[in-house]
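The exercises below concern one protein model, shown next. Work through each task before reading its solution.

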Amino acid sequence: MINRVSPIAIAIAMIFCCSPAQSRAGQPNILLIFIDDLGWKDIGCYGNDFVETPRIDQLAAEGLRFTNFYASGAVCSPTRCALQSGQNQARIGITAHIPGHWRPFERVITPQTTMALPLDTVTIAESLKASGYTTGYVGKWHLGNGPEFQPDRQGYDFSAVIGGPHLPGRYRVQGRSDLKPKPNQYRTDFEADLCIDFMRQNKDQPFFLMLSPFAVHIPLAAMSEKVQKYEAMAKQTGNSLPHPVYAAMIEHCDDMVGRLVDSLEQLDIADDTMIVFTSDNGGLYKRYDYRESADDLVSSQAPLKGEKGSLHEGGIRVPLIIRHPATVKSAGVCDEPTISHDFYPTFVEMAGGELPINQTIDGHSLLPLMTAPTQTLDRDALHWHYPHYHHDRPASAIRERDWKLIEYLDGTGDVELYNLADDLGETKNLASEKQGRAGDLKRKLTTWRSSVLARTPIPNPSYDPERAHEWWNLKSGKPVPSEQRKRFPPTEKD
């Protein structure tokens, strides 16, 4: 079948030095489900025995589950940047959530993050359009606030960027009055509706659809029926974490996944669709400026150390499940270290397309692992750069096979070294015991930062230990009013 190619797609095809693309026999549809803040231990098939996630677990049973998959960043915008560009986000400078916050009286001045994904970046959507795909985006974007930086300017034919929290009546599609939720509709249900409509309209041609729900990001809020179920379960089991409202939010996501899978079956395109399920960063334990009067503890990633906003495993290790009957055997497990910006070359290879010739692609295709999960990728190391204060201090990290080093960039000179094969929980810092290994990895990390022109903190002449704890808002230029924050209604009945 030959698709009509828009002028935009033709221009993109020229970037790739090839003729305007046509859809090819065997090109799979690609459905990327990109949950917000879902931790490595938050779902059943990764060891959570409290939250009910039967549809996500079914995906794992029918596909391939990755045990050493990492988000490119410790917070949302950096990972989203890496996914869209195929690059480590340090190259572009989106190293914090947009617009971010800062501590003006800390030891170091942290670098300003780039406030939008540059328009000259060839996105994964643009690459797939050049191969004849119709592209769609639903949910949270967080890669630039202006209308000129939205998904419809970055290669997505259909764009529904949704703003606002989860409960009915509190969210809307930005800039579009034609797309409205049903009365009393929870946000993930509305996002599923939009995706199902897109799949139905494009079932006869290859499509790429990215669903990026706001769930399971705070503020905690879910429909009362599910919350009551988990409150009762918590009393029966004595579980304190995950929080019952958070558990209900995860189940909302599971329902959303189930609806999408069922729709693919009903449209008779399930076997022709690759489903990718993952998260943008590690799980949240508590808000960065936690106030007991306004906030709840969210979830634990034990035995992993740390949480969202940290370069320890709990902040960057996340679930990844891929289901594609044509290439992936059922109930497979892959232990090879992989990362979010691997999706770009994976999707392009699956589409039979070409990578951009003037844009560095740091990712590696996962297709060899999908067909043979015990293989290894030809990659020296994984790298992270998070030079900001959030849930931890500014830092960079490198993982080379089983060895991982974290170097703090706050002027302290602190370094941590772990062997993840022996110490998944990062409980024993081996930097003093293994000085040669630590020195080697630190040199490699420094070389990598230089190669990508990573922005790093500088000493702060206004350092004040007594005020170092203060959080300031980049948008307002004023202190974050944490003490004024009130608890968010947890259900539609509150």
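**Exercise 1.** Locate Lys308, decide whether Lys308 is buried or exposed, and list the polar contacts of its side chain.

*Solution.* Lys308 sits in the loop that connects β10 (273-279) with α8 (313-316); helices (H or I, at least four residues) and strands (E, at least two) are DSSP runs, numbered from the N terminus. The model is predicted: local features need pLDDT of at least 70 and side-chain atom pairs pLDDT 80 or more, while totals for chains, interfaces and linings use all residues. Residues are numbered from 1 along each chain as its sequence is written, and side-chain values use heavy atoms, with hydrogens and water left out.

Step 1. The relative accessible area of Lys308 is 8%, so Lys308 is buried (buried is under 20%, exposed over 50%, partly exposed in between; 1.4 Å probe, protein chains only).

Step 2. The Lys308 side chain makes polar contacts with the side chains of Asp37 at 3.0 Å and His217 at 3.3 Å. A polar contact is a pair of N or O atoms within 3.5 Å; within protein, one must be able to donate a hydrogen and the other to accept it, and residues adjacent in sequence count only if both atoms are side-chain atoms.

Step 3. With neighbours within four places in sequence left aside, the residues in contact with Lys308 (heavy atoms within 4.5 Å) include Ala74, Val75, Asn281, His390 and His391.

**Exercise 2.** Characterise the largest pocket and the largest cavity.

*Solution.* Step 1. On a 1 Å grid over the protein atoms alone, a cavity is a set of points where a 1.4 Å probe fits but cannot get out, and a pocket is an open set with protein on both sides within 12 Å along at least five of seven lines; lining residues have an atom within 4 Å of a point. Grid points are joined across faces, edges and corners, and a volume is the space filled by probe spheres set on the points.

Step 1. The largest pocket has a volume of about 1,300 Å³. Its lining has 45 residues, with His142, Phe214, His217, Ile218 and Arg287 nearest the centre. Strand β7 (residues 158-163) contributes the most, three residues.

Step 2. The largest cavity has a volume of about 80 Å³. Among its lining residues are Glu336, Arg379, Asp380 and Arg401.
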